Amino acid sequence: MIEVDISNIWGEVSLPDLLAIEKEVFDAHMKLTDRNGEGNDFLGWLDLPVEEETEEIRRIRTAAKRIRETSDVFVVVGIGGSYLGPRAAIELLQGANRNFGKGKGDPAIFYAGNTLSTRAWHELTKLLEGKDFSLCLISKSGTTTEPAIATRALRFLLERKYGTEGAKKRIYAITDPVKGALRQMAEEEGWETFRIPQDVGGRYSVLTAVGLLPMAVAGIDPMEVMAGAVQAKADYDLRSFENPVWLYTATRNLLYRNGKAIELLASFEPGCKMLGAWWQQLFGESEGKDGKGIFPATAEFTADLHSLGQLVQQGSRNLFETMLRFDGPETPVLIGADYKNLDDLNYLQGKQLDFVDEQAYRGTLAAHADGGIPVITMEAGKLDAAKLGEVFYFFELSCAISAYILGVNPFNQPGVEDYKRNMFSLLGKPGYES
Ligand code: PA5
């Protein structure tokens, strides 16, 4: 289980505060599992962890094998919840620079449809020159402008390269099982399709084909991810403060009530950057409504200690920190000796890099706690495929319970829909003129 430690928040919240909120956490958790809260038609994500390989997962494995054999590059097209999960998983396990030197057998994975930048488009098409590639089109609604434009353009590229029939074998669509433009297009064109169940929203979809197909193409076993999620579902169902999900959700809500309107998720792994982006979208879209919500911010330590660190240490006291850590890798790196010692580093010779990182963590934690920043720490343990499943489920459950405590519907996003509608209207999409 992920260990949540709240010993660095006692200056800000008290034990009686924690005990007083226990009933609210209990009620919110019950509302979720009894499926009688707001947005209860979007609770399909609770049923996604499965012990047995499903037909869908078997097809994901088969498609991934084919893609790995035939493609130098796999382009994942999607935005928001339809792309952040797989990218978070792949970069957390394999690093942000995983694409260097990749090709057939273990393709590079690029992302498109998450921007309208022309520069980004030119960069992508240059990267695809001379490469065999396949497409993963992800959109639940099938009408989101950014991925729809990228889909059209990439499809044309693919058809020019392989012909209409050849292109069909290289396109995989992940969308609503029955409706929407992408579903219709996929069926008419004969592309292989995977489902985003109707009762699963974008930001809760990482354990569907949305996350699992790109992960499988990257060589991450979907059933290992599932095993972690299944275990998490059992472990985090506990109805007491022995449940780390309860400690996390209770504490962040108490801190919010005390004026801490910003949560800074800080990690000591550069590979966590996209996990941070996924977490930010999950909590931001789920909680930020009705004039409420904790602003989810992210930082990467130690890099950001040399930028945001100053503000955290001595700036406005309106934030709390959640420090997320994983165990170091099994192969250690030792710091070497240099007889000249001009850099004064010989006092560290023979020490492991991970030991230095650990001291940076301890030093930061102590400094921030001394500086009046409440810090929740999370020790997530060994980083592997099963851990991905656990981490995703942990945060999804925390987010849903936390939003119910806050008194908002965790599963809608009326603000995002507003922007999408305005854009349709400004672009003159038929039916949206007013
Ligand atoms: O979490 C969500 O619901 C959103 O972020 C959506 O995933 C995002 O807007 C993309 O929508 P769609 O999958 O319909 O293209």
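Cys-399 counts as buried, at 0% relative accessibility, where buried means under 20% relative accessible area, exposed over 50% and partly exposed in between (1.4 Å probe, protein chains only). The model is a predicted one, in which local features need pLDDT of at least 70 and side-chain atom pairs count only at pLDDT 80 or more, while totals for chains, interfaces and linings use all residues. Residues are numbered from 1 along each chain as its sequence is written, and side-chain values use heavy atoms, with hydrogens and water left out.

Cys-399 takes part in no disulfide, and the nearest cysteine sulfur, belonging to Cys-272, is 18 Å away; a disulfide is here a pair of cysteine sulfur atoms within 2.5 Å. The structure as a whole holds 0 disulfides. Cys-136 is likewise buried, with a relative accessible area of 0%.

Side chains of opposite charge can pair when their charged atoms come close. The count comes to 32 salt bridges, each being a side-chain nitrogen of Lys or Arg within 4 Å of a carboxyl oxygen of Asp or Glu. One of them joins Asp-47 to Arg-35, with the closest N and O atoms 2.9 Å apart. Asp-47 is partly exposed at 39% relative accessibility, and Arg-35 is partly exposed at 33%.

Asp-72 and Lys-104 also meet in a salt bridge, at 3.4 Å from N to O. This pair links distant parts of the chain, 32 residues apart: Asp-72 lies in the loop between H2 and strand E2 (73–77), and Lys-104 in the loop between helix H3 (84–94) and strand E3 (108–112). Helices (H or I, at least four residues) and strands (E, at least two) are DSSP runs, numbered from the N terminus. Asp-72 is buried at 13%, whereas Lys-104 is partly exposed at 44%.

Within helix H5 (residues 145–168), Glu-159 and Arg-155 are separated by about one helical turn because they are 4 residues apart. Their side chains form a salt bridge of 3.3 Å, N to O, and both residues are buried.
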